[in-house]
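Let's take a walk through this fold together. Have a look at the sequence and the model before reading on.

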Amino acid sequence: MKPVRFTGHALLKMELLTEWGFSLDHDTVLEILRQPQDVLPGYLGRFIAESPLDDNHILRVVYDEDGEILVVTVYPARGERYED
């Protein structure tokens with residue numbers, strides 16, 4: 001896997017999500033990037049990797065990919081919102 005770098009915004013979101021009760025750390029985000037359940041096209045050519053976070057939520061990781069993977073932001077969403 002390419003080197004991974006986190007924006008300040010992504011790091012802040014991870015900290016806030018942990019405070020809000022979501023079990024989230026760098027390893028969780030890296031695992032989703034390595035083995036996502038799905039990868040979707042995002043805004044401005046970015047990508048969105050997503051995988052289950054718990055029974056009710058998925059974690060969506062928005063990133064750019066060039067010579068490295070730049071994690072732009074992360075956010076949880078209700079799983080049913082993104083089901084087909």
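Is L44 buried or exposed? Keep in mind that what you see is a predicted model. L44 turns out to be exposed, because its relative accessible area is 65% and anything over 50% counts as exposed. You'll find L44 in the loop between β2 and β3.

Five strands make it up, and they run in the order β1-β5-β4-β3-β2, as an open sheet with mixed pairing. At the edges you have β1 (4-6) and β2 (38-41); each has a single partner strand, so one side of each is left without a neighbour in the sheet. On average, neighbouring strands in this sheet are turned by 35° against each other, direction ignored.

As a reminder, strands of a sheet pair through backbone hydrogen bonds, either parallel or antiparallel. For a worked case, follow β4 (residues 57-65) and β5 (residues 69-78), which pair in the antiparallel sense over nine bridges. Within this pairing, Y63 sits opposite V71 in β5.

Then come the helices. Helix α1 (residues 8-19) packs on the sheet, where it touches β1 and β5, and its direction makes about 30° with that of β5. Helix α2 (residues 26-34) packs on the sheet as well, touching β1, β3 (47-52), β4 and β5. The direction of α2 makes about 75° with that of β4.

Key
Residues numbered from 1 in each chain as written. Predicted model: local features only at pLDDT ≥ 70, side-chain atom pairs only at ≥ 80, totals over all residues. Heavy atoms only, no water. Pairing = 2+ DSSP bridges. Helix = DSSP H or I, 4+ residues; strand = E, 2+ residues; numbered from the N terminus. Axes fitted to C-alpha atoms, helices over the stretch in contact; angles between N-to-C directions. Contact = heavy atoms within 4.5 Å. Buried < 20%, exposed > 50% of the residue type's maximum accessible area, 1.4 Å probe, protein only.
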